[in-house]
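Open the structure in your viewer and keep the sequence panel beside it. The stops below say what to select next and what is there.

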Amino acid sequence: MNLKHLIYLLLLASIPLHAQFIPSNQNPKYTSSLNPKYNSSINPKYNSQINPKYSSNINPKYSSAVNPTYSSSINPKYTSSLNPKFNSKINPKYNARLNPQFGSWNGKHLFNESADVIGMLVYASEDVYLFYNMDSEWMGYFVRAKSNYNLFNLDGEWTGKFLCSDGENGHNLFDDNANWTGNYAK
């Protein structure tokens with residue numbers, strides 16, 4: 001291999017690749033059982049048990065146990081172990097394995113209604129997922145509250161958005177009025 005080809009190869013290798021390879025058996029575009037569009041049991045429009053509009057115990061407006069405004073144990077402003085600003089173990093600036101730009105990471109992908117990947121949820125701890133957009137930009141983090149996960153911005157402010165379990169190893173994303181956004185994590 002000549003020097004010119006070696007330099008070209010090194011340049012290509014140094015470009016961060018943001019495309020995500022998802023095995024077909026884990027991709028809702030190819031596995032309909034993972035897609036709420038085709039599987040009514042994981043679709044909150046058709047399953048009231050996973051819809052916070054109809055199940056008050058998973059709705060932060062009606063259950064203080066899953067509302068970080070009323071429960072300091074799930075609020076990173078009052079529980080430093082949940083806050084990446086104060087816990088270097090869950091901060092991607094100090095822990096490279098938590099940054100999807102640097103290769104392997106554990107977690108879930110966030111999909112839109114068309115089953116396109118729109119983000120990544122990187123497993124930081126038992127209680128925290130770091131949220132990245134598709135450019136690997138750190139956008140915020142989700143903190144566990146029972147089977148829900150509340151979304152906080154980087155300043156530790158609750159956005160009002162939250163993930164509810166779909167009952168089958170995934171989550172659906174809801175806005176602050178408990179409306180399903182159509183987005184889901186697998």
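Helices (H or I, at least four residues) and strands (E, at least two) are DSSP runs, numbered from the N terminus. This is a predicted model, in which local features need pLDDT of at least 70 and side-chain atom pairs count only at pLDDT 80 or more, while totals for chains, interfaces and linings use all residues. Residues are numbered from 1 along each chain as its sequence is written, and side-chain values use heavy atoms, with hydrogens and water left out.

**The whole protein**

Colour the protein by secondary structure. Of the 186 residues, 46% are buried (under 20% relative accessible area; exposed is over 50% and partly exposed is in between, with a 1.4 Å probe and protein chains only).

**Between the helix and β1**

Select Tyr78, in the loop between α1 and β1. Is Tyr78 buried or exposed? Tyr78 counts as exposed because its relative accessibility is 61%.

Next, select Asn95, found in the loop between α1 (3-14) and β1. Asn95 has 18% relative accessibility and therefore counts as buried. Which residue's backbone oxygen does the side chain of Asn95 reach? That oxygen belongs to Lys89, at 3.1 Å. Leaving aside neighbours within four places in sequence, Asn95 is in contact with Ser88 and Lys89 (contact means heavy atoms within 4.5 Å).

**Two residues with positive phi**

Move to Ala115, in the loop between β1 (107-111) and β2 (117-125). Its phi is positive, about 65 degrees, although Ala115 is not a glycine. Ala115 is buried, with a relative accessible area of 3%.

The last stop is Lys146, in the loop between β4 (138-145) and β5 (148-153). Lys146 is also a residue other than glycine with a positive phi, here near 60 degrees. Where Ala115 is buried, Lys146 is exposed, with a relative accessible area of 59%.

Definitions and conventions: Polar contact = N/O pair within 3.5 Å; in protein donor to acceptor, adjacent residues only side chain to side chain.
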